[in-house]
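Then let's walk through it together, one part after another.

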Amino acid sequence: MNLLKSIIVGAVLVATVSNSAKSAQPPQVFCDERVRVIGALEQMYAEQPVSMGLTNSGSMIEVFKSSKGSWSIVSTHPSGLTCIIAAGEHWENVAKRSAGLEM
């Protein structure tokens with residue numbers, strides 16, 4: 001795993017542990033201008049957008065993934081600030097189920 005992604009994943013893990021211990025500090029995320037965040041995902045991990053949606057608050061959420069399985073979830077706020085809110089490895093698409101079928 002690349003150093004930057006290791007740092008991001010480490011920060012998310014530390015933030016998760018801190019939050020579960022009732023820490024008052026918010027989780028750590030990497031934020032920058034959209035063009036820089038998207039460019040870094042593309043250049044460093046060959047990740048491309050595969051899905052997106054709008055939140056009720058107006059932020060855009062996107063999933064980026066590479067052919068090698070790395071993935072990132074990115075949030076772009078209406079102000080233009082873009083943050084990587086989750087990242088990892090081994091992304092897999094799941095086959096769509098027909099309505100009414102149970103697993």
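**A link between two cysteines**

Let's begin with C31 and C83, which are joined by a disulfide, with 2.0 Å from S to S. The term is used here for a pair of cysteine sulfur atoms within 2.5 Å, and by this rule the count comes to one. In general, a disulfide is a covalent bond between the sulfur atoms of two cysteines. The link of C31 and C83 is right-handed, with 105° about the S-S bond. It ties together distant parts of the chain: C31 sits in strand β1 and C83 in strand β5, 52 residues apart.

Before going on, a word on what you're looking at: this is a predicted model, where local features need pLDDT of at least 70, side-chain atom pairs count only at pLDDT 80 or more, and totals for chains, interfaces and linings use all residues. Residues are numbered from 1 along each chain as its sequence is written, and side-chain values use heavy atoms, leaving out hydrogens and water.

So how do the two cysteines sit, buried or exposed? C83 is buried because its relative accessible area is 5%, while C31, at 30%, counts as partly exposed. (Buried means under 20% relative accessible area, exposed over 50%, and partly exposed in between, with a 1.4 Å probe and protein chains only.)

Now for the sheet. Its five strands form an open sheet in the order β1-β5-β4-β3-β2, with antiparallel pairing. At the edges are β1 (30-33) and β2, each pairing on one side only. From one strand to the next, the twist averages 25°. Strands here are DSSP runs of E with at least two residues, helices are runs of H or I with at least four, and both are numbered from the N terminus. Two strands pair if DSSP finds at least two bridges between them. Take β3 (residues 60-65) and β4 (residues 71-76), which pair in the antiparallel sense over six bridges. One example is M60, whose bridge partner in β4 is T76.

Finally, find E47 in the loop between α2 (34-45) and β2 (48-54). E47 counts as buried because its relative accessibility is 1%. What does the side chain of E47 meet? It joins the side chain of S72 in a polar contact of 2.7 Å, meaning a pair of N or O atoms within 3.5 Å; within protein, one must be able to donate a hydrogen and the other to accept it, and residues adjacent in sequence count only if both atoms are side-chain atoms. S72 lies in strand β4 and is buried too, at 1% relative accessibility.

Key: Axes are lines fitted to C-alpha atoms, for helices over the stretch in contact, and angles run from 0 to 180 degrees between N-to-C directions.
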